[in-house]
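Open the model in your viewer and keep the selection tool at hand.

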Amino acid sequence: KKVVADVSNFLHVNTRTKTVRQHLFIKENEPLNPHKLADNERFLRDKDFILDCRIIPDSIPGTDSVDLVVLTRDVFSIGGTAGGSPPSSVEFSVYDANLSGRGQRLEYFSLLEQDRFPRYGFGLLFNQSSIFGSLANLELQYTQINSGRSVGKENEYAIVTRLNRPLVSPYSRLAGGLEFSRNWS
């Protein structure tokens with residue numbers, strides 16, 4: 001157990017303070033809204049790289065202001081998956097959901113299938129969460145193993161750029177997305 005814990009601690013990078021701040025939609029010099037605090041805690045908990053979050057207001061004596069203490073608990077962000085239908089079809093992926101503590105996801109996924117041409121296909125994905133504190137996410141992807149939109153299981157290649165801003169709270173005024181892709185088969 002100690003060896004596994006030591007290796008995990010060596011590989012894990014804590015989420016940076018700047019990254020957590022970029023995921024806050026509570027700003028300085030605004031009236032404190034407890035509902036927005038709760039929404040922000042939920043939003044942070046929904047991230048791939050944060051397991052738990054608490055935002056605690058701490059009053060400043062002699063003023064009408066508060067400091068906010070943001071406590072987060074990280075997830076071990078390095079992982080992988082394996083699946084498919086071995087031995088004729090094998091799928092696997094490896095990823096880091098919090099690359100260098102910056103809220104960035106880097107993932108490599110692949111497929112080896114006997115009935116496919118070419119037999120081996122792969123994909124790469126990069127995702128940046130809350131670019132410059134805007135709460136908008138950027139995703140860049142290249143894949144050789146998309147399943148096409150046509151009838152049947154036609155293999156599809158794709159280069160995709162996505163920019164989306166989810167509706168993070170009922171108090172949000174802006175949400176939407178934009179996608180550019182080139183797909184071919």
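This is a predicted model. Begin by selecting L24, I26, L37, L44, F49, I50, C53 and I55, the 8 residues of the largest nonpolar core. Two elements give two or more residues to this core: α3 (34-45) and β1 (50-59). Of these, β1 gives the most, with 3 residues.

Which residues is F49 in contact with, leaving aside its neighbours within four places in sequence? They are T15, T19, H23, D74, V75, A97, N98, G103 and S129.

Select V3, V7, F10, L11, F76 and I78, which make a nonpolar surface patch of about 600 Å². Helix α1 (residues 2-11) gives the most to the patch, with 4 residues. V7 has its place in helix α1. Its relative accessible area is 45%, so V7 is partly exposed.

Side chains of opposite charge can pair when their charged atoms come close. Over the whole structure, a search finds 10 salt bridges. One of them joins the side chains of K2 and D6, at 3.0 Å from N to O. Both residues lie in helix α1, 4 residues apart, about one turn of the helix. Is K2 exposed or buried? K2 counts as exposed because its relative accessibility is 60%, whereas D6, at 40%, counts as partly exposed.

Next, select E30 and K36. Their side chains meet in a salt bridge of 3.5 Å, N to O. E30 has 37% relative accessibility and therefore counts as partly exposed. K36 has 17%, under the 20% cut-off, so K36 counts as buried.

For the last stop, go to helix α3 and select E41 and R45, which lie 4 residues apart there, about one turn of the helix. A salt bridge of 3.3 Å, N to O, links the two side chains. E41 is buried, with a relative accessible area of 9%, while R45 is partly exposed at 32% relative accessibility.

How values were computed
Residues numbered from 1 in each chain as written. Predicted model: local features only at pLDDT ≥ 70, side-chain atom pairs only at ≥ 80, totals over all residues. Heavy atoms only, no water. Core = buried A, V, L, I, M, F, W, Y, C linked by side-chain atoms within 4.5 Å. Buried < 20%, exposed > 50% of the residue type's maximum accessible area, 1.4 Å probe, protein only. Contact = heavy atoms within 4.5 Å. Patch = residues over 30% accessible without salt bridge, like charges linked within 9 Å, V, L, I, M, F, W, Y side chains within 5 Å. Areas by Shrake-Rupley, 256 points an atom, 1.4 Å probe, with all protein chains shown as cover. Salt bridge = Lys/Arg side-chain N within 4 Å of Asp/Glu carboxyl O.
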